[in-house]
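Let's take a walk through this protein together. Have a look at the picture, then read on.

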Amino acid sequence: MMRDKIVRNMAIPGVVALLAVFAPFGLIKAGVINAYTAQILTLGGINAIMALSVNIICGITGQLSLGQAGFEALGAYSVIILTQTCGVPLPVSIVIAALIAAFFGFLIGFPVLKLEGDYLAIVTLAFGEIIRVVLVNVKGVTGGPNGKQFSTLLTTSLDWGPALSYLIIIGTLVLIIVFLQNVIHSSYGRAILAVREDEIAANSNGVGVFKYKMAGFVIASLVGGIAGALYAPFIGFIKPDLASFNNSINDLIFVVLGGMGSITGSVLAAFVLTYLQEFLRFLQNYRLLIYPVILILVMLFRPQGLLGMKELSFVKVYDGLPGFLRGLKAKAQKVKAKEAAE
C-alpha cells in the first residue's frame, strides 16, 4: 500500500511535468503556438527560475537579499565569454557559468551572512551594484554599457529557435523544481527551514546556523546563475543593467506575490506577471505601474501571497477530482428532477 502511494505521488507530478514541457513544445513546432507567444512563455520560465533563486534565500532560508540579479548577470556574461572567447560548447559553458555564480555566492556568503535584517539587504544590494559597475567599466570583455551580443541556434534558427528555447528552459525549470523539492524534504532542507523559523532554537538543537545559511545562499546563487546562463543565448543580447536593483526587485515581487516559501507559488506568479506585462504593452511605460499596484493590493488583502507557504499539489487535485465530478453529477440530477417536477 505504501509502495503504491509513493509510486502514485511520483507518477502524477511526473506526468504533469512531461505534459508542461512536451505538449507546448509540440504545439510550438507545429505552429499552433506562434513564436511571439512562445517567447513570452519561455521568458516566463527564465523569470520563474529567478523567482526560485530569490525564494530559496528569502522564503526558504529566511534571509533578505536584494542582489540576486547580480548572480543572473554573472551567469549571462560568463556563458558568453566562455562560448565566444574560449570556444567552450554552449551546454558546457552553461554549467560552468552556473558554477561560477555559485562560487561568487560562496565567497560573498562568508562576510554577508554574518549580518542580519536590513544590514544583510543593504550589503547584497551593494553587491548587485558592484557587479553592474564592473560590467559597465570592463568594456574590453563585457562591451561596456552598450552590452554584448550573443548568437546561437536559439536566436538564429527560425525552424528550431522558439521550440528549442522553450524545451531547454522549461525543462531546466522542471528539473530545478524537482531538485528543490527533494532538498526541502531532505534532512538538509529541514535544517534550513529550522534556521528560518528560529535561529536560536535551531542552534540549541545542534543545527549549524551559519552552515545552512551558506548552503541556502550558494544554492540560490547557483539557480540565479542558471537563469542568466539561459537568458543570454535566448535573448541574444545583454547589458550590465541585468544586474540592476530594479531587476532584483522585480524578482522579489514574483516571490512576494506567489508566497514566501512556496515554490509553485513563485513559479505561477512569475508566469502570470510576465504575461501581464506583455499584455499591457499598449500602455507603454505606464504598464510598469501595474507591479506596485498589484503588490499593494496583495499586501492589503493577501499579505502571505497567493499560496502563502503552501504548495500546489497535483496529487490532491487528482484525489479530489472524483468527488468533484460526483458533486457536479448530483447537482445536474437535482436540476433535472426539479425541472421534471415543474
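This is a predicted model: local features need pLDDT of at least 70, side-chain atom pairs count only at pLDDT 80 or more; totals for chains, interfaces and linings use all residues.

Start with helix H2 (residues 35-60) and helix H12 (residues 245-258): their axes come within 8 Å and cross at roughly 75 degrees. Because of that angle, H2 counts as roughly perpendicular to H12.

Who meets whom here? On the H2 side you'll find Asn 47, Met 50, Ala 51, Val 54, Asn 55 and Cys 58, and on the H12 side Asp 251, Leu 252, Phe 254 and Val 255. Sort the residues of this H2 and H12 contact by type and you get seven nonpolar, two polar and one charged.

## A glutamine tucked away

Now find Gln 68, which sits in helix H3 (residues 68-85). Is Gln 68 buried or exposed? Its relative accessible area is 2%, and anything under 20% counts as buried, so Gln 68 is buried.

The side chain of Gln 68 has a polar contact of 3.0 Å with the side chain of Ser 65. Skip the neighbours within four places in sequence, and Gln 68 is still in contact with Met 50, Ser 53, Val 54, Ile 57, Phe 217, Ala 220, Ser 221 and Ser 248.

## The nonpolar cores

The largest nonpolar core has 70 residues, and Leu 52 and Val 79 touch the most other members. Helix H11 (residues 209-235) supplies the largest share of this core, with 14 residues.

Take Val 79: leaving out residues up to four places away in sequence, its contacts include Leu 90, Ile 94, Phe 150 and Pro 233. Another core, of nine residues, lies apart from the largest one; among its residues are Ala 38, Ala 163, Tyr 166 and Ile 170.

How values were computed. Residues are numbered from 1 along each chain as its sequence is written. Side-chain values use heavy atoms; hydrogens and water are left out. Helices (H or I, at least four residues) and strands (E, at least two) are DSSP runs, numbered from the N terminus. Buried means under 20% relative accessible area, exposed over 50%, partly exposed in between (1.4 Å probe, protein chains only). A polar contact is a pair of N or O atoms within 3.5 Å; within protein, one must be able to donate a hydrogen and the other to accept it, and residues adjacent in sequence count only if both atoms are side-chain atoms. Contact means heavy atoms within 4.5 Å. Axes are lines fitted to C-alpha atoms, for helices over the stretch in contact, and angles run from 0 to 180 degrees between N-to-C directions. Angles under 35 degrees count as roughly parallel, over 145 as roughly antiparallel, 65 to 115 as roughly perpendicular and the rest as oblique. Ala, Val, Leu, Ile, Met, Phe, Trp, Tyr, Cys and Pro count as nonpolar, Asp, Glu, Lys and Arg as charged, and the others, Gly among them, as polar. A nonpolar core is a set of buried Ala, Val, Leu, Ile, Met, Phe, Trp, Tyr and Cys residues joined through side-chain atoms within 4.5 Å.
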